[in-house]
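Me: Please take a close look at the aromatic rings in this model and at how they pair. I would like one connected account.

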Amino acid sequence: MKAVKMKVVVAACLSCSLILGIDGGTVSAQSQAQLNEKLDTIKQQKQDNNNDLASSKKKLSENHNKQDDVVNNIKDTEKRIASMNGRIDQTQTKVRQNQTDMVILKKEISKIDSRIKIRGQLLKGRLRSIYMSGGAVSYLDVIMGSKSFGNFLDRLLALKMITDQDNKIITDQKKDKVAQVTKQKKLQTVLAQTTNDLHNLQTMKTSLDQENAHKQDLLDKLKSQASDIEKTVMSSSEQSQILNAQESVIKQQLADLAASQAKEKARAEAEAKAKADAEKAAVAKTAAATTNSSSGQTVSVQNNTQTSAETISSADSQPTNTQASFIMPAAGYISSGFGYRSFDNGFHPGIDIANSTGTPIRAAADGIVFKAYQSASYGNCVMISHSIGGKIYTTVYAHMSSYSVSTGQSVSQGQVIGSMGSTGESTGSHLHFELYIGPWTPPPHNGAVNPLAYIN
């Protein structure tokens, strides 16, 4: 009966030791699983980011090709505009020449008009003279009225001269009237043709100018789109660098955890073995001392042993506070809180701590700097990975005037890592502070939490 009770006591002690060893291994396995899960998350984010980067680069290439096409079209249009300007200059020169010719024509027409007017007055006088003399001049009256043959010849010659002059006046008058009509038609034709040509050229030039302006607008839009795509490419490249650096640090933390777990396991096994050996020796000693004792005393020893084992098990199973403890990274006041903001309806993945430029910025917890660099958006920025209680946390310190740590450096809680400023996309001196449960993530910043809930 005593032998049976002794075996029960030994079995109970060994069971307690095994239970303790299994719980410690489970905790270590969970921590390692969490780190591996975070690592897998980063790998997936890297893949997604690489896909976005490839897509953005393809869009950028297509945009540049379109820009090249538009630039070539603009060059062709500019050549056509230059040619059109040359034709316009020629036409304008022709217009000026025609205007000069029109001035001459107008002068000539004016002279013709004067001659026609003068002849018309002469012809009117001749008609009055003929009318007053009773009709046409009679050659017989001229001949018969001659006083001598010489007088006859004089009269005949005078008559011929008058007749020839009348005929010449009439002929010249007809020619001038024809010339007047011809020159006026030419003047009108030249004026109409020149005006029409100039109007057509101006219309064509206006059309080409509009076409050129439209293509220039298109080119400006393409350049603006290219600028946006380039920013996306730069952002994706920056995110890729951050994810690569973060992956490297988490791998290091995973290796450190594995080494720590191996040491802890070896220590736990050594302690468990020593405890088991001690318990075996104690049981053997107790068994020897109680060989002649009563059964009541044996039961008392057994109860004491069980009570001790229960006390150990109860102490190990006490809940622990796994909430990580961070400190405020800088002195100042909260100028912008975490979450969605009313003024721009945008999500703010951290808090802004405002103070004067140069205010010291400290690491919120122990960790490893996985990125210390200058970002277009974050400005001077430091990112730290923290492994606390088997969990990964990430803190981000942005818009600093300067930073004093480097990538891969281990930092301690409270260590100065930089100074407050207003670099990157920032207005006013402040620290933009982000905290993530797990690795840093690009927009929309899944995993970001309110830092104030974790700061003691």
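Reply:

**Aromatic pairs**

Phe347 is partly exposed, with a relative accessible area of 31%. This is a predicted model. Phe347 forms an aromatic pair with Tyr340; the pair is tilted, at 5.2 Å centre to centre and with 55° between the planes. Tyr340 is exposed, at a relative accessible area of 64%. Ring pairs also bring in Phe338, so that Phe338, Tyr340 and Phe347 are linked into a cluster.

The structure holds 4 aromatic pairs. One of them joins Tyr397 and Phe433, and it is tilted: the centres are 5.3 Å apart and the planes make an angle of 45°. This pair links distant parts of the chain, with Tyr397 in strand S8 (residues 391-400) and Phe433 in strand S12 (residues 430-437), 36 residues apart. Tyr397 is buried, because its relative accessible area is 0% and the cut-off for buried is under 20%. Phe433 also counts as buried, at 0% relative accessibility.

One further ring has a charged neighbour: Lys371 lies over the face of Tyr373, at 5.1 Å from the ring centre.

Ser336 is buried, with a relative accessible area of 12%. Leaving aside residues up to four places away in sequence, Ser336 touches Arg341, His348, Gly350, Ile351 and Asp352.

Notes. Residues numbered from 1 in each chain as written. Predicted model: local features only at pLDDT ≥ 70, side-chain atom pairs only at ≥ 80, totals over all residues. Heavy atoms only, no water. Buried < 20%, exposed > 50% of the residue type's maximum accessible area, 1.4 Å probe, protein only. Contact = heavy atoms within 4.5 Å. Phe/Tyr/Trp six-rings, centres within 6.5 Å; stacked < 30°, edge-to-face > 60°. Helix = DSSP H or I, 4+ residues; strand = E, 2+ residues; numbered from the N terminus. Lys NZ or Arg CZ within 6 Å of the ring centre and 35° of its normal.
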